[in-house]
Amino acid sequence: MMAQYLALKQQAGDCLLFYRMGDFFELFFDDAKIAAQVLDIALTSRGEHGGAPIPMCGVPVHSAEGYLARLIKAGCRVAIAEQVETPEEAKKRGGSKALVARDIVRFVTAGTLTEEALLEPRRANVLAAVCEVRGAIGIAACDISTGRMELEECAPDEMGAALARLGASEVVAPESWENAPIDCVPRPNRSFGSDEGETRLKAVHGVSTLDGFGQFSRAMLAAAGGLVAYLDHVGRGALPLILPPVAREAGTHMAMDEATRSSLEILVSSGGTRRGSLVEAIDRCVTGAGARLLAEDLSAPLTDTRAINRRLELVSWLHDDPLLRGDIRGILRSLPDVGRALGRVVAGRGSPRDLGQLRDGLSEARRLHDVLRARSDRPGPLDEMLPSLSGHGALCDLYARALVPAPPTERSQGGYIAEGYDAALDELRRVSGNARRAIAALEAKYRDNTGVAALKIRHNGVLGYFIEVPARHADRLMAPESGFTHRQTMAGAVRFNALALHEEASRIAESGGHALAAEEAHFEDLVGHAVRAREAIAATAAALARIDVAAGQAERAAEGGWALPRVVDEPCLEITGGRHPVVEAALAAKGERFVANDCCLHPQDRLWLVGGPNMGGKSTFLRQNALIVLLAQAGGFVPAQAATIGLVDRLFSRVGASDNLARGRSTFMVEMVETAAILSQATERSFVILDEVGRGTSTYDGLSLAWAVAEAIHSINRCRCLFATHYHELSRLAEACDSLSLHHVRAREWKGDLVLLHELAEGPADKSYGLAVARLAGVPAPVIKRAKSVLEKLEKGRAATGGLAAGLDDLPLFAAAIEAAEEKVDALRERLNGLDIDSLSPREALDLLYQLKAQANG
């Protein structure tokens, strides 16, 4: 057995091997040690290998899914080795001592899950493949639980943002690629050939050309090849549901890097959970598919005004009709997850319950179709979706006739094909049922004949049907003329057989076996109908999800008094009474009111410097405006009284950074890396929020960096930007930067206490209120008093010397400063290039060095 295990373990590679032994999956050696620690189960040992005991642990087959979920969540990958023949077949093949053959039937990995118990209902599970072809990055992404597949191409420096948008559970890449993403699964390079990718896609979809699906670059096809090859590997030749690929065009979605997504807490809060995130505050979807689509919308806001306005049109229509919205949400609430049920069925992991979910879901989709079709004022986007909600009448009728009302999750015991669907099956069930009634009659007869009232006919998997009596009555059935045959003696009972019982048991086994085989044949036929209609069913699931998202967005808008945004192509941002959706919800839960603020950016006033005390609401103000832009371009209402959003191509948020110890970066280093990305990538159509640039280093360094960054944003990037800072000296930028204005969050000191008003006002902050905030935070009074005396001395020194701001009035603007520096460098370069170094004497060389130094110092 160990030889068989070790051979399979070699195939499993770095995966934990679940080795099927009877009713358990066993793990051995290091696999057992890892699993025992992760699952918190007992680690035992058996036999020896190499002179040492073999560590082992096991999990029951019937509850394996729960253990698999914990292992996958812990970052493990698992190979499932099942018995591929019965013990009887093994005996025929190799005699009584033959080992039952086993083989790896499937690899279970984070990105290839389809089981309902292993997936989060409201979160997509994406597998991505990425590779480089001639300087272009190809990315293929697929959620195999629903089959949706997207291909895209991007520049190498945009790969991180693209993968951050996808949020893939697992990423595969060529094994020899130096620039492969961290923690990716390496795969053979040959899998990522564009020709092989094209061939694989054609084979999957049974077409001779991919032209009908769209135009795909070589990089896209190469990534698709790697993804399909990996799915073929983990499924051991059985591919899951893969719908025709869709090409994602570059520039059709707002770009956001990983730091921005983390800062804005779009799908996950800073605590690493959904609670406290934007999606939790927005999500009012009543189906898992709708919640997954909403998360995708928020992860990839649109950059096409027409597409955005089409989404808004549907949301607005549902917002204005609460009764219709309630009816629609009532229908949707009863829907099963059609897309994921289809995924399991096509992948060969479906159950009768999944077929029942397809039946019920498609029937409800038709009912929703009829409700919506009756409306004459339908918006255009809804008209386009209506055909997808119908057209499954024949399939629904077939499943309604073939399946019982509530099919089971297991098909091994049968009982899921409805009575009346197959007359032959009904007859087999009748025979089996009559035989069971005959056994009950036999039990009564045997009691009368023997006079043993405690006699019972029982059944188990080893003996089948047998007669059992208490041991004290066994002698009556042991007599030769009794007609009973002794089978087994227990501690307090004795078991017998009889000819009539054997005949009835044979009838039950035969008819029951035939009935199970008939139901299995019907199941495969019903699955075939779903597989053939998979694309149409998937389209229905997609339409239901989109309607759920629109209805949920409308519900959230009505619930919070949100406004329909106006999305335009001009570079502006006009928000009246804007609010932070997550903070507002948290305050409302405590019975408190959120203070709304306006924001108005346009080409003549595109950079706001925002000052004021900590805890005054600067960061909240910055984030809420970024989230309002994101929500509008995702196609939903926004938390404001009114909003006009100039289309944003890239959104950047540098609000709060932390150490990245894994990459050896301090907080300040992380901040500078993120700031560098903004300065190199932001365009005039971008929106940037920056909070406290330069705070992680010395005061002079921090001020100089903040000054230079603000100038660069204003004069070079020329994008819309909200820049929060504590450096009062930056207010002098307003004198030289014509598109920069000063603002502050209001606060007042009243009888020695600080009152934070959370209101934004024009003009610079009068002071930072740092000591007052420290007092609020509970810093001891003696420390506050000492800090106050130090502050007074520092301020006197600043007044006498000009302090930090001394000399800043004489600084040239950003561009002029760069040009002056370049001119100075060029003059030195020209003089150096004109020197004949070999002809200089030592004295002349020394004099020349002094001259060059003096020239460099100006």
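Student: Which residue lies over the face of Phe25?

Tutor: Good place to start, and keep in mind that this is a predicted model. A charge sits over a ring if CZ of Arg is within 6 Å of the ring centre and within 35 degrees of the ring normal. At 5.8 Å from the ring centre of Phe25, the residue over the face is Arg20.

Student: Why do the rings of Tyr5 and Tyr19 count as a pair, and of which kind?

Tutor: Rings pair if their centres lie within 6.5 Å, and planes over 60 degrees apart count as edge-to-face. Here the centres are 5.6 Å apart and the planes stand at 80°, so the pair is edge-to-face.

Student: Where in the chain do Tyr5 and Tyr19 sit, and how many residues apart?

Tutor: Tyr5 belongs to helix α1 (residues 2-12) and Tyr19 to strand β1 (residues 16-21). The pair links distant parts of the chain, with a separation of 14 residues.

Student: Is Tyr19 buried or exposed?

Tutor: The cut-off for buried is under 20% relative accessible area. Tyr19 has 0% relative accessibility, so Tyr19 counts as buried.

Student: Which residues form one aromatic cluster with Tyr19?

Tutor: Tyr19 also pairs edge-to-face with Phe28, at 6.3 Å centre to centre and 70° between the planes. Together with Tyr19, the cluster holds Tyr5, Phe28 and Phe29.

Student: Which helix supplies the largest share of the lining of the largest cavity?

Tutor: That cavity holds about 80 Å³ of space. Helices α10 (288-299), α13 (338-346) and α20 (534-560) each supply at least two lining residues. The largest share, 3 residues, comes from α20.

Terms used: Residues numbered from 1 in each chain as written. Predicted model: local features only at pLDDT ≥ 70, side-chain atom pairs only at ≥ 80, totals over all residues. Heavy atoms only, no water. 1 Å grid on protein atoms, 1.4 Å probe; cavity = no way out; pocket = protein on both sides within 12 Å on 5 of 7 lines; lining within 4 Å. Points joined across faces, edges and corners; volume = space filled by probe spheres on them. Helix = DSSP H or I, 4+ residues; strand = E, 2+ residues; numbered from the N terminus. Phe/Tyr/Trp six-rings, centres within 6.5 Å; stacked < 30°, edge-to-face > 60°. Buried < 20%, exposed > 50% of the residue type's maximum accessible area, 1.4 Å probe, protein only.
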